[in-house]
Amino acid sequence: MREDTVSTDPWGRVDDDGTVYVRTAEGERAVGSWKAGEPEEALAYFHRKFDELAGQVALLEQRVRGTDLPPAQAEATIVKLREAITDAHAVGDLDALLGRLNALTELVAQRREEVKAARDVARAEAKGVKERIVAEAERIADDTTHWKTGGERLRQLIEEWKAAERIDRVTEAALWKRLSAARTAFAKRRKAYFAGLDEQREGVRSAKERIVAEAETLASSTDWGATASAYRELMQEWKTAGRASREVEDELWARFKGAQDQFFQARSAVFAERDASLAANAEIKEQLLVEAEKILPVTDARAARSALRNLLERWEAAGPVPREQRDRLEGGLRKIDEAVRKAEETEWKRSNPEARARAQNTVDQLRKSIAQLEGRLAKARDAGRDKDVKDAEEALTARRSWLEEAERTLAEFS
């Protein structure tokens, strides 16, 4: 019975003393002993041991060829399996299993080179991203005077930096040093600006006190035309003088407006009788205002502007109206004009190629950032780095939210 086993199994045999041997290219070696039962049972047992090893090799082949198993992990598994097969207490074609592991070793080496090449490309792209971030930060530090938007943009650039892939340590450190220097330079310029603001506001206070004093001397004038013109000039000076501190600004404005109101109220009383003769003009303009309101809501900005232009010509031809009605009538027509103007502005913004390009660029950058983060997340999951997985997921949630908003903005140009 044992001699039959020797002759019929190509990979092993059971000796008369129950010792089980496996045949390899280097010759036979003992893998165990079997004291109870038939030799066929012994060989079947050790064949199952071989099948377990073969299953592990097949699973590794599947993972290497069908997944993104990290090369280092694959190589470690190959080493363990090679040791297990070399000293295996099993009967089967162990040389074939070792051959399959050798083939996997070559494939993993090739995969390692591919991963390295992909990493090099990713680092080159990340370097470009970080150089762009640093360049923009330096431009903000050197040129920006819109402190709030500049500071917000610098914070966004820091987030973009964190989201980008890491590059070689030396280049990363040099670029980060430039980015930090840009933030510091921006903060110093902003601090210096606000430090000089108090001095500037003191100059504004002096200028506006002079304007208020002059306005108060004109409050009792009855030279209606010249004085009204003088108040307009004083108002222009007020606007161009800048702003003082809020408390000073409010107090001076109250005095200026009080003097101006005193003059114009006196002028209004004088003109009241004259306005009575202008009732007919007011009636015409009432009708024109009703006609103008039919332009709303604006659905065609160009047609609305044409219709309003015609109404304005007839409005001017109607002549002046009583002062107590003028503000209401003019205000009503001005609201319609503002609605048409807003429609024109909306139409212009929708067709503005520069704004669309900026919106498209924002969407493209966010999509690229999301793709990079998804890659980092997959790698972190495969490596079992829970903290990196959490960080990547949080960053992805933020970027996807930003992308939704950016895509809505871009859709407005469609």
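A crossing of two helices is left-handed if the near helix is turned anticlockwise from the far one by less than a right angle, and right-handed if clockwise. Helix 2 passes helix 4 in such a left-handed crossing.

This is a predicted model, in which local features need pLDDT of at least 70, side-chain atom pairs count only at pLDDT 80 or more, and totals for chains, interfaces and linings use all residues. Residues are numbered from 1 along each chain as its sequence is written, and side-chain values use heavy atoms, with hydrogens and water left out.

## Helix packing

Helices (H or I, at least four residues) are DSSP runs, numbered from the N terminus. Axes are lines fitted to C-alpha atoms over the stretch in contact, and angles run from 0 to 180 degrees between N-to-C directions.

| Pair | Angle | Axes apart |
|---|---|---|
| Helix 2 (residues 39-66) and helix 4 | about 15 degrees | 11 Å |
| Helix 4 and helix 6 | about 20 degrees | 8 Å |
| Helix 5 and helix 6 (residues 169-218) | about 165 degrees | 11 Å |

Angles under 35 degrees count as roughly parallel, over 145 as roughly antiparallel, 65 to 115 as roughly perpendicular and the rest as oblique.

Start with helix 2 and helix 4. Their angle of about 15 degrees makes helix 2 roughly parallel to helix 4. Contact means heavy atoms within 4.5 Å. Phe 50, Leu 53 and Ala 54 are among the residues that helix 2 brings to this contact, and those of helix 4 include Leu 94, Leu 97 and Arg 100. Ala, Val, Leu, Ile, Met, Phe, Trp, Tyr, Cys and Pro count as nonpolar, Asp, Glu, Lys and Arg as charged, and the others, Gly among them, as polar. By these classes, the contact of helix 2 with helix 4 has 13 nonpolar, no polar and four charged residues.

Next come helix 4 and helix 6. With an angle of about 20 degrees, helix 4 is roughly parallel to helix 6. Their crossing is left-handed. Lys 127, Lys 130 and Glu 131 are among the contact residues of helix 4, and Thr 171 and Glu 172 are among those of helix 6. The contact has ten nonpolar, one polar and nine charged residues.

Helix 5 and helix 6 are roughly antiparallel to each other. Helix 5 passes helix 6 in a left-handed crossing. Helix 5 takes part with Trp 147, Gly 150 and Gly 151, among others, while helix 6 uses residues including Trp 176 and Phe 186.

## Pockets

On a 1 Å grid over the protein atoms alone, a pocket is an open set of points where a 1.4 Å probe fits, with protein on both sides within 12 Å along at least five of seven lines; lining residues have an atom within 4 Å of a point. Grid points are joined across faces, edges and corners, and a volume is the space filled by probe spheres set on the points.

The largest pocket holds about 1,000 Å³ of space. Its lining has 32 residues, and Arg 119, Glu 165, Arg 376, Lys 379 and Arg 385 are the closest to its centre. Helix 4 gives the most to this lining, with nine residues. The lining has 14 nonpolar, one polar and 17 charged residues.

The second largest pocket has a volume of about 480 Å³. Helix 12 supplies the largest share of its lining, seven residues.

## A cis bond

Most peptide bonds are trans. The bond from Leu 296 to Pro 297 is cis, with omega near -10 degrees. Pro 297 lies in the loop between helix 9 (279-293) and helix 10 (301-318).

Terms used: Helix = DSSP H or I, 4+ residues; strand = E, 2+ residues; numbered from the N terminus.
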